[in-house]
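Subject: Structure for you to look at

Hello,

Here is the structure I promised to pass on. Please open it next to this email and follow along.

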Amino acid sequence: MQGRYLGCALALAVAVLPARAVEGDAEAAKGKISMCIGCHGIDGYRTSFPEVYPVPKLGGQYPEYIIAALQAYKAGERSHPTMQGVAGGLSEQDMADLAAYYSAAR
Ligand code: HEC
């Protein structure tokens, strides 16, 4: 009975804090950033090839901000064709890992 109550409390806590639901792992992100560095650059710097257009710097941004942005692209709340395509293929774990990696890259 007590265990069930605790389970409910935990489920509630997770539901109210979506950004904290999944723990990000910067090490795990190293196998995933290959799909981002072409545009966001190594270590999060601004770059793009073959066309040069402004791409936001990700390095050093708050993980909550990165996750929120990726979720907004995935949900279609933020529109940008390529980022929607990229974010659409990411799981919550992927987003958390990438956010942990980029927030630590300065
Ligand atoms: C084809 C190029 C391209 C690729 C690949 C790409 N991005 Fe982006 N990304 C962009 C551009 C351009 C923007 C700015 C879009 C806008 O104006 O909304 C952006 C925006 C973002 C933002 C919002 C930043 C901000 O300051 O608002 C995040 C977070 C992000 N990208 C993360 C990623 C991650 C993580 C990956 C890899 C899984 C990735 N992107 C792959 C081009 C790319």
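Below is what was found in it, from the whole chain down to single residues.

**The model and the chain**

Please keep in mind that this is a predicted model. The protein chain has 6 helices and 0 strands. Read from the N terminus, its elements run α-α-α-α-α-α. The chain holds 106 residues, and 22% of them count as buried.

**Helix 4 and helix 6**

Two packed helices are described by the angle between their axes and the distance between the axes. Start with helix 4, residues 63-75, and helix 6, residues 92-104. Their axes come within 8 Å and cross at roughly 140°. Angles over 145 would count as roughly antiparallel. The two helices are therefore oblique to each other. The crossing of helix 4 past helix 6 is right-handed.

Which residues make this contact? From helix 4 come Pro63, Ile66, Ile67, Leu70 and Gln71. From helix 6 come Met95, Ala96, Leu98, Ala99, Ala100, Tyr102 and Ser103. By type, the residues of this contact are 10 nonpolar, 2 polar and no charged.

**Helix 4 and helix 5**

Helix 4 also packs with helix 5. The axes of this pair come within 8 Å and cross at roughly 100°. That angle makes helix 4 roughly perpendicular to helix 5. On the helix 4 side, the residues are Leu70, Tyr73 and Lys74. They meet Met83, Gln84, Ala87 and Gly88 in helix 5. This contact divides into 4 nonpolar, 2 polar and 1 charged. Look for Leu70 in both places: it is listed in the contact with helix 6 and in the contact with helix 5.

**Around the ligand**

Next, find the ligand. There are 17 residues around it, and Cys36, Cys39, Pro56, Ala69 and His80 come nearest. Which elements give two or more residues to this shell? They are helix 3 (37-40), helix 4 and helix 5 (81-88). The shell divides into 12 nonpolar, 4 polar and 1 charged.

*Proline 63.* You will find proline 63 in helix 4. Is it buried or exposed? Proline 63 counts as buried, because 21 C-beta neighbours lie inside 10 Å. Set aside its neighbours within four places in sequence. Proline 63 is then in contact with Gly24, Ala99, Ala100 and Ser103. Proline 63 and methionine 95 are 32 residues apart in sequence. In space, their C-alpha atoms are 9.1 Å apart.

*Alanine 26.* Alanine 26 sits in helix 2, residues 26-29. It has 18 other C-beta atoms within 10 Å, so it is partly exposed. Where does the chain come back to it? Alanine 26 and tyrosine 101 are 75 residues apart in sequence, yet 4.2 Å apart in space, C-alpha to C-alpha. Not counting residues up to four places away in sequence, alanine 26 touches Asp97, Ala100, Tyr101 and Ala104. Ala100 is also one of the contacts of proline 63.

*Histidine 40.* Histidine 40 is in helix 3. How many other C-beta atoms lie within 10 Å of histidine 40? There are 23, so histidine 40 is buried. Beyond its neighbours within four places in sequence, histidine 40 is in contact with Val55 and Leu58. Histidine 40 and lysine 57 lie 17 residues apart in sequence and 6.6 Å apart in space, C-alpha to C-alpha.

*Lysine 57.* Lysine 57 is in the loop between helix 3 and helix 4. With 16 other C-beta atoms within 10 Å, lysine 57 is partly exposed. Lysine 57 and cysteine 39 are 18 residues apart in sequence. Their C-alpha atoms are 9.9 Å apart in space. Cys39 is also among the residues that come nearest to the ligand.

**Where to begin**

Best wishes

Key:
Residues are numbered from 1 along each chain as its sequence is written. This is a predicted model: local features need pLDDT of at least 70, side-chain atom pairs count only at pLDDT 80 or more; totals for chains, interfaces and linings use all residues. Axes are lines fitted to C-alpha atoms, for helices over the stretch in contact, and angles run from 0 to 180 degrees between N-to-C directions. Helices (H or I, at least four residues) and strands (E, at least two) are DSSP runs, numbered from the N terminus. Angles under 35 degrees count as roughly parallel, over 145 as roughly antiparallel, 65 to 115 as roughly perpendicular and the rest as oblique. A crossing is left-handed if the near helix is turned anticlockwise from the far one by less than a right angle, and right-handed if clockwise. Two residues are in contact if their C-beta atoms, placed from the backbone, lie within 7 Å. Ala, Val, Leu, Ile, Met, Phe, Trp, Tyr, Cys and Pro count as nonpolar, Asp, Glu, Lys and Arg as charged, and the others, Gly among them, as polar. A residue is near a molecule or strand if its C-beta atom, placed from the backbone, lies within 6 Å of it. A residue is buried if 20 or more other C-beta atoms lie within 10 Å of its own, exposed if 12 or fewer, and partly exposed in between; C-beta atoms are placed from the backbone.
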